[in-house]
Amino acid sequence: MRPNLILQVVAKFVIPLMILFALYVQFHGDFGPGGGFQAGVIFSAAFILYSLVFGLDTAEKIIPAHWLRILAALGVVIYAGVGVASLLLGGNYLDYTLLGSNPIAGQHLGILLVELGVGITVAAAMLIMFFAFAGRGRE
Amino acid sequence: MLSHISLLLVVVPLISAPVVAILPRGRLPWAVAFIVAASCAVLAGVQLWAVLHEGTISYELGGWAPPWGIEYRIDAVNAFVALIVATIAAITLPYALLSAEREIPEDKIPLFYSAMLLCLTGLLGITQTGDIFNVFVFLEISSLASYALISLGRQRQAFTAAYQYLIMGTIGATFYLIGVGLIYSQTGTLNMQDLATILPDVLHLNTVETGFAFIIVGIALKLAMFPLHLWLPNAYTYAPSVVTVFLAATATKVAVYVLLRILFTVFPQGFAVTTPADELFIVAGIAGIITASVSAIYQENIKRLLAYSSVAQVGYMVLGIGFASATGLTAALVHLFNHALMKGALFMAVGAIVYRVGACRMEQIHGLGRAMPWTFGAIVIGGLSLIGVPGTAGFISKWYLVVAALEQQAWISVAVILSGSLLAVVYVGKMIEALYFKPVADAGKAVSEAPILLLLPTWALVLANVYFGLDTDLTVGVAEKAAAILVGVQP
Amino acid sequence: MMDFIIGHYNYWIVIVLMMVGLYTVISRGNLIKKIIGLNIFQVSVFFLYISLGTVEGGAAPIIAEGVKVYSNPLPHVLILTAIVVGVATTALALALVVRIKESYSTIEEDEIHNLDHSL
């Protein structure tokens, strides 16, 4: 792959901002528009940009494929685990009210964790898809 | 505490699917999947018992009261279908161990079991939920998993079969989604019980009628109802044997369940009779039974033959639904159960042949019945059940169907049901002739009986075919209760 | 009459997109074009739901001072789910097309059909 200096410099400048924005969308999701789906996609877009500019091999060194698979699974487990936690606390599945000291804190914590799980899975799944398509036919 | 069972049936496979995906290769993923499926079967059994003895279960997800939150609402109808799905999964998985090792690349095994569990999650989710949008989500979970599973087949046609199914399945699901949206726009609710109380006031609106039509066509695609069945033969033929067993015995059954729910619970009693849907079901059922049975006779691949027979069997169920009477629905539900048993058994036996010979075209299986007596026995008894010979499960469902047709003096339907059985005699006979009476082909000389691990699940289903042909307390008893809930006053 | 046409403009967009999408799926022989048609078809349904949720003069459904009328957030949430389902379907379909291309060296329906009568 032919290195392109302008692209590399711009990408290095933009990628941290993208990740920052992804985190903002992720954790601001309970006050305004945002949440795990959107954040996950923005987050993975940063890595996709990185691999477009610096090459797939470099990108795969940063996040190896088997880690992505584990992350994708982890997100679902976090999501379902929050539900099971509220089940164990004596409530119904995904009843966040019991997770905190008072109902509002519980709802707050619950949705944050669930969206975190969603975000991780979406980001990992998008990257798995990208690497699967982009890496096809190389080996 | 019992009400949590309705939720655990969905959550246990859901949470184990990603875990299985990251397990190392080897037999561990299979072991986890099997334990999950077995515990689901036990949970579904307890759930059915609880529903029959203590009445409807309602579970509020996240503690949000319906109709705002999603509600899992279980009565005899769901519990019955959930038990079928979970039991078939629990019987299929022991079979999967060897069959999948033979037919699926080793590095894909953990993902294969993960997809099986996701498919199970989706199918069980459809049966549990009381929210029509949630049905769409679970429908797509199970469908996406099954597209991936079908594409794992060894021949390259598996890809095109999966692609074809994906296109048609997605159109079906999107039609369903349009219908749900149109109905939501007039009622403002997605909860089935809530819809049942609001819909009678708005039935005269064109929007609601259009929504109804979209939903019916969408489900008919998933169901492989006669003119919309084109995806099914390819998908069943080229999928790995285990996947065919699982999908043939569960996927279309769950779609039948959704159809019943929409027709009889969500929309008020008798609404379908005022629309062309009612006659359409009878016409589609009749046409499906005849054309698919005739097509089955001309197939040269036994998996494909059985797939066409599945389309015909769906025709019987649709016919039962079309009668819209308690007996008709009982027949449809009993056939749902019995067809899962017979197609499960037959596809398992065919899978055992594929395991030994690696193929299932007619000329490649000549004379194998003598080398594989137990597998052959399973095909004979499964085939007899498919025909509807007294003493097998198939007889019971055909009997109720004929009774339902006679009740309405639908002579044409009676004639069609009986001639469908005659056509089944021809295609089952064709399989048996090839397997037993044709001289053994060169390739088949060294074939030995299938391994015990494949035969045990097969024979479990075969014996179930005989058992439920003699003792109908469970099937007919529960199906009658379920049909009474569907046509009767809502409890 | 004009009011009827202009007042329902969102539905006209939905209907046109729906028909364009469905027609593309049915009429095109190229497997990728079929997927694009399917996507357009799905997008029309997203539009249908999102426009259903609009309340005239309603603000975005975030509680704020001085706002009395909110749009209905439920269809938006539903469609977020449907979009994710759509993405997953597209990814799976494209993956299948890659595999079809690798084993048949073509993604034209009629050529595949000629190769082994499977589509």
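**Entry 1: a helix pair in chain B**

I began with helix H5 (residues 132–150) and helix H6 (residues 157–187) of chain B, whose axes come within 9 Å and cross at roughly 175°. This is a predicted model: local features need pLDDT of at least 70, side-chain atom pairs count only at pLDDT 80 or more, and totals for chains, interfaces and linings use all residues. Residues are numbered from 1 along each chain as its sequence is written, while chains are lettered from A and ligands numbered from 1 in the order in which they are written.

I noted the terms. Helices (H or I, at least four residues) and strands (E, at least two) are DSSP runs, numbered from the N terminus. Axes are lines fitted to C-alpha atoms, for helices over the stretch in contact, and angles run from 0 to 180 degrees between N-to-C directions. Angles under 35 degrees count as roughly parallel, over 145 as roughly antiparallel, 65 to 115 as roughly perpendicular and the rest as oblique. H5(B) and H6(B) are therefore roughly antiparallel to each other.

Next I looked up who meets whom. Contact means that two C-beta atoms, placed from the backbone, lie within 7 Å. On the H5(B) side I found B:Phe133, B:Phe136 and B:Tyr147, among others. The H6(B) side includes B:Ala161, B:Tyr165, B:Gly169 and B:Tyr176. I sorted the residues of this contact by class: 15 nonpolar, two polar and one charged. Here Ala, Val, Leu, Ile, Met, Phe, Trp, Tyr, Cys and Pro count as nonpolar, Asp, Glu, Lys and Arg as charged, and the others, Gly among them, as polar.

**Entry 2: the core**

Which residues touch the most other members of the largest nonpolar core? I found B:Cys40, B:Phe80, B:Ala89 and B:Ile150, out of 276 residues. Helix H14 (residues 326–357) of chain B gives the most to this core, with 20 residues. Such a core is a set of buried Ala, Val, Leu, Ile, Met, Phe, Trp, Tyr and Cys residues joined through C-beta atoms within 7 Å. A residue is buried if 20 or more other C-beta atoms lie within 10 Å of its own, exposed if 12 or fewer, and partly exposed in between, with C-beta atoms placed from the backbone.

Not counting residues up to four places away in sequence, B:Phe80 touches B:Leu48, B:Leu333, B:Val478, B:Ala479 and B:Ala482.

**Entry 3: two strands**

I turned to strand S1 (residues 57–60) and S2 of chain B, which pair in the antiparallel sense over four bridges. Pairing asks for at least two bridges found by DSSP. B:Tyr59 stands opposite B:Tyr72 in S2(B). Strand S2 (residues 71–74) is covered on both faces: B:Glu71 and B:Arg73 are buried on one side, B:Tyr72 and B:Ile74 on the other.

**Entry 4: two positive phi values**

Most residues other than glycine have a negative phi. I looked up two with a positive one. B:Ala324 has a phi of about 55° and sits in the loop between helix H13 (302–323) and H14 of chain B. For B:Gln409, phi is near 50°, and its place is the loop between helix H17 (393–407) and helix H18 (411–437) of chain B.

Is each buried or exposed? B:Ala324 is buried, because 22 other C-beta atoms lie within 10 Å. B:Gln409 counts as exposed, because it has 8 C-beta neighbours inside 10 Å.

**Entry 5: chain C and its partners**

I checked the contact of chain C with chain B. It takes 27 residues from chain C and 25 residues from chain B. On the chain C side, H3, helix H4 (73–104) and helix H5 (109–116) each supply at least two residues. H4(C) gives the most, with 13 residues. By class I listed 19 nonpolar, five polar and three charged residues on that side.

Chain A also reaches chain C: six residues of chain A are in contact with seven residues of chain C. Helix H5 (residues 103–134) of chain A gives the most to the chain A side, with three residues.

I then picked C:Ile40, in helix H3 (residues 31–52) of chain C. C:Ile40 is partly exposed, because 19 other C-beta atoms lie within 10 Å. Leaving aside neighbours within four places in sequence, C:Ile40 is in contact with C:Leu17, C:Val20, C:Gly21 and C:Thr24.

**Entry 6: chain A**

I counted five helices and zero strands in chain A. Its C-alpha atoms fill a box of roughly 60 × 30 × 15 Å, taken along the principal axes. Of its 139 residues, 37% count as buried.
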